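Colleague: Could you walk me through this model before I start reading it on my own?

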Amino acid sequence: MLHTRLIPFIAILGALGVLAVPLLAEDPAIDDATMQRVYSQLQTPHKVGRVLTPAEGEMYDCPSIFCHNGRWWMIFVSIKELVGYETRLAVSDNLVDWEIVGTILGFREDGWDRWQADGGIALVDTAWGGSYELAQHDDKYWLSYFGGAKQGYETDPLAIGMAWSKDPTQAGEWTRLVENPVLSPEDEDARPFEQATLYKSSIFHDKTQSLGAPYVMFYNGKQKGGWVERIGAAVSDDMVHWRRLGDGPVIDNGKGISGDPQIIRMDDLWVMPYFGAGWKPRAFDTFAVSRDLVNWTKWEGPNLIEPSEPFDETFAHKPWFIKHDGVVYHFYCSVGEKVRAIALATSQPVEATDE
């Protein structure tokens with residue numbers, strides 16, 4: 001198994017300058033038995049199929065799920081006629097049957113994010129089999145999104161912004177920060193792997209502040225010259241001002257795409273499901289494991305999910321995992337039969353009804 005190199009420092013920006021703070025000594029790579037145990041926990045061999053299917057000329061992408069007031073909610077994105085991304089909200093009572101509620105980040109009249117707003121929920125309970133409820137910061141619920149001013153499918157450059165709401169279950173626009181974008185490929189401290197564009201981000205609350213801040217973001221960035229995406233990290237004290245972690249990525253597969261990370265706390269381990277493409281055939285979901293959020297051991301075994309059915313015969317990727325009542329739900333973006341949709345696989349057979 002491959003293991004990422006040690007990232008020696010966190011750059012913490014203070015009011016009086018920049019302080020270099022050493023990280024913990026590098027842990028040895030996660031052993032094979034532990035990696036196999038995590039893989040077994042994430043198994044979802046039963047493909048339910050599409051749970052949200054778009055209309056003709058539209059595509060769905062990038063699911064993230066949380067629980068609020070006893071119901072399940074999904075934030076996902078829609079792109080129509082290759083114009084740009086909008087972020088939508090859907091609701092379910094059983095994690096299988098979903099109803100779209102409305103749009104929460106739409107197109108704008110102008111601005112840096114006029115035509116692209118691909119959002120993912122922030123501050124979800126990361127505990128494996130936990131509540132999946134949302135934490136608040138400053139009495140608000142939060143999401144992060146990548147945005148851009150150009151039309152098209154993920155047209156460069158894209159940057160990361162933040163938005164908040166007092167009620168995460170209501171349709172209608174979330175409030176975008178005036179400080180946006182909070183991370184940009186054009187920042188002076190942008191590292192080489194992220195200087196073309198920034199993509200999907202996932203933010204959680206690290207109560208131990210093991211990296212020197214309560215809020216941690218993982219996201220994938222694209223380098224200039226040649227399409228390679230790698231996963232990097234940043235930290236924040238206030239969900240508004242973010243500082244990059246280390247001088248390089250934490251997940252690097254050398255070529256192709258490594259992206260759309262989710263963070264799970266599984267016993268004493270941090271587990272990161274993410275998707276890959278271009279360094280193995282087609283697009284698929286895999287994972288990495290860490291003890292310190294800095295040094296990650298990548299799984300080298302079978303994919304967590306991959307194309308196998310007509311509805312996901314092209315791509316099966318972009319994971320979001322939920323473990324509820326002993327059943328593992330693996331939401332992902334399926335591409336097949338000329339349809340890009342939100343699909344579901346589970347650890348045990350579950351019943352689905354027609355949409």
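Modeller: What follows covers a pocket and then a sheet. This is a predicted model, where local features need pLDDT of at least 70, side-chain atom pairs count only at pLDDT 80 or more, and totals for chains, interfaces and linings use all residues. Residues are numbered from 1 along each chain as its sequence is written, and side-chain values use heavy atoms, with hydrogens and water left out.

Colleague: What volume does the largest pocket have?

Modeller: The largest pocket has a volume of about 350 Å³. A pocket here is, on a 1 Å grid over the protein atoms alone, an open set of points where a 1.4 Å probe fits, with protein on both sides within 12 Å along at least five of seven lines, and lining residues have an atom within 4 Å of a point. The volume is the space filled by probe spheres set on the points, which are joined across faces, edges and corners.

Colleague: Which residues are the closest to its centre?

Modeller: Of the 20 lining residues, those are Thr126, His205, Asp206, Lys207 and Trp270.

Colleague: New topic: what is the strand order in the open sheet of four strands?

Modeller: The order is β8-β9-β10-β11, with antiparallel pairing. Strands are DSSP runs (E, at least two residues) numbered from the N terminus, and two of them pair if DSSP finds at least two bridges between them.

Colleague: And which ones stand at the edges?

Modeller: β8 (116-121) and β11 (175-176) do, each with a single partner strand, so one side of each has no neighbour in the sheet.

Colleague: How many bridges join β9 to β10?

Modeller: Seven bridges join β9 (residues 141-148) to β10 (residues 159-165), and phenylalanine 146 has isoleucine 160 in β10 as its bridge partner.
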